[in-house]
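I opened the model today to see what could be read from it. My entries follow in the order I made them.

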Amino acid sequence: MKIHNELLALREKEKQLSSLILEKLQIMEEQRLYLKLGYSSLFDYLVRGLGYSETMAYQRQSCLRLSFELPEIKEKLDIGTLTHSNISLAYKAIKNQPVNKKREILETIENKTFREAKKILAPMAPPIKVKQQFFQNKVLLKMELTHEEHKKLHQLKSLKFHKHNLESLFMNLVDQELKKYTKTDYKISKSKNPRYISVKLRNNILKKAKYQCQHKGCEETHYLQIDHIKPVRHGGKANPNNLQVLCSGHNRGKG
Ligand SMILES: [Zn+2]
C-alpha cells in the first residue's frame with residue numbers, strides 16, 4: 001500500500017533524526033549554550049526553547065546524559081533497537097553503575113516494548129530515597145521522586161488538598177492514615193470469612209498492644225500483623241482473647 005510505504009519511509013527519517021538531535025544537544029549541554037539564551041537548564045531549554053513536553057524533555061535529557069558514556073545509544077536509537085522511553089526508564093536504575101554494567105543492562109532492554117523493559121528493570125530500580133537530617137527543633141526530609149511520581153503528588157494536591165502546600169498535604173495524609181488505626185467506633189460488619197477481623201477489633205487489639213509486637217522481648221513497631229493465637233485452621237476464633245499483635249518476623253517464625 002502506497003501510504004504505508006510512505007509512512008515507513010517517514011518513520012525511518014524520523015528515527016535518523018534522533019541521533020542528529022542528540023548530537024546537537026550534546027554541544028548545547030557541553031558549552032551550556034542554553035544559559036546564553038536565557039534558559040536555566042537544559043531541561044528548561046528542551047521544554048520552553050524547543051517545545052518538548054516535560055516527559056519528552058526528560059527522556060531526551062536522560063538519553064543525552066547516557067550518550068556521553070555510551071555513544072552507541074545514538075545509533076541504536078536510529079536503528080530503533082532502543083527507544084527514548086526505554087532509555088530514560090533505564091537511566092534512573094543504572095545511573096550509579098559503572099559504564100560496562102550500564103552497557104550490559106541497556107543491552108537487556110533492546111528490542112523490548114516499554115512494558116517489557118519495565119519488567120526487566122523493576123528489580124534494579126532504586127527505592128524512593130528519603131534523606132533525613134535532624135536538627136534541634138526540626139527534621140529535614142529530602143525525597144527523590146520520578147517525574148511520574150511527582151505528577152501524581154500534584155494531581156492529588158489539586159484534586160483534594162488545594163488549600164495545602166506539599167508539607168501540610170503530606171502531614172494531612174499521615175494524620176488520616178493514623179486515624180484509621182486509632183478510631184475504634186466503627187460499626188461492626190459481619191463476614192463469613194473466619195480469618196476476618198473487623199477494623200474496630202484490629203484497632204482495639206493494636207491499641208491494647210501499644211502498637212508494638214507482643215512477642216516476649218520484642219519491641220518492633222513496624223510490619224505489625226494481627227495473629228490468631230490458636231490458628232484459624234485449628235478452630236481459633238477472631239475474638240479478642242485469641243488475637244495478638246506480632247511483627248511480621250515473629251508471625252512468620254510462629255509458622
Ligand atoms: Zn516481634
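Domain bounds here come from an automatic or database domain assignment. I looked up that assignment and found domain 1 (2-124) and domain 2 (199-254). I then looked up their C-alpha centres, which lie 50 Å apart.

I noted what I was working with. This is a predicted model, in which local features need pLDDT of at least 70, side-chain atom pairs count only at pLDDT 80 or more, and totals for chains, interfaces and linings use all residues. Residues are numbered from 1 along each chain as its sequence is written.

**Helix 1**

I looked up helix 1, residues 2-30. Helices (H or I, at least four residues) and strands (E, at least two) are DSSP runs, numbered from the N terminus. Helix 1 has 29 residues and reaches 43 Å from its first C-alpha to its last, close to the 42 Å expected at 1.5 Å a residue. The expected span is 1.5 Å times one less than the number of residues.

Which residues of helix 1 are buried? I found Ser18, Leu22, Leu25 and Met28. A residue is buried if 20 or more other C-beta atoms lie within 10 Å of its own, exposed if 12 or fewer, and partly exposed in between, with C-beta atoms placed from the backbone. An α-helix has 3.6 residues a turn, so residues three or four places apart point the same way. The buried residues of helix 1 pack against helix 2 (33-36), helix 3 (42-49), helix 4 (54-69) and helix 5. Two residues are in contact if their C-beta atoms, placed from the backbone, lie within 7 Å. Just after helix 1, I noted a positive phi of about 50 degrees at arginine 32.

**Helix 4 and helix 5**

At what angle do helix 4 and helix 5 pack? I read about 130 degrees, with the axes 7 Å apart. Axes are lines fitted to C-alpha atoms, for helices over the stretch in contact, and angles run from 0 to 180 degrees between N-to-C directions. Helix 4 and helix 5 are therefore oblique to each other. Angles under 35 degrees count as roughly parallel, over 145 as roughly antiparallel, 65 to 115 as roughly perpendicular and the rest as oblique.

I listed the residues that meet: Cys63, Leu66 and Ser67 in helix 4, and Ile73, Lys74 and Leu77 in helix 5. By class, this contact has 4 nonpolar, 1 polar and 1 charged residues. Ala, Val, Leu, Ile, Met, Phe, Trp, Tyr, Cys and Pro count as nonpolar, Asp, Glu, Lys and Arg as charged, and the others, Gly among them, as polar.

**Single residues**

I looked up lysine 76, which lies in helix 5 (residues 72-79). Is lysine 76 buried or exposed? Lysine 76 is buried, because 21 other C-beta atoms lie within 10 Å. Leaving out residues up to four places away in sequence, lysine 76 touches Thr81, Leu82 and Glu110. The C-alpha atoms of lysine 76 and serine 18 are separated by 9.6 Å, though 58 residues apart along the chain.

Next came isoleucine 94, in helix 6 (residues 84-94). Isoleucine 94 is buried, with 23 other C-beta atoms within 10 Å.

I also checked asparagine 111, in the loop between helix 7 (99-108) and helix 8 (114-121). Asparagine 111 has a positive phi of about 55 degrees although it is not a glycine.

Last, I found lysine 210 in the loop between helix 11 (199-208) and strand 3 (224-228). Lysine 210 is exposed, because 10 other C-beta atoms lie within 10 Å.
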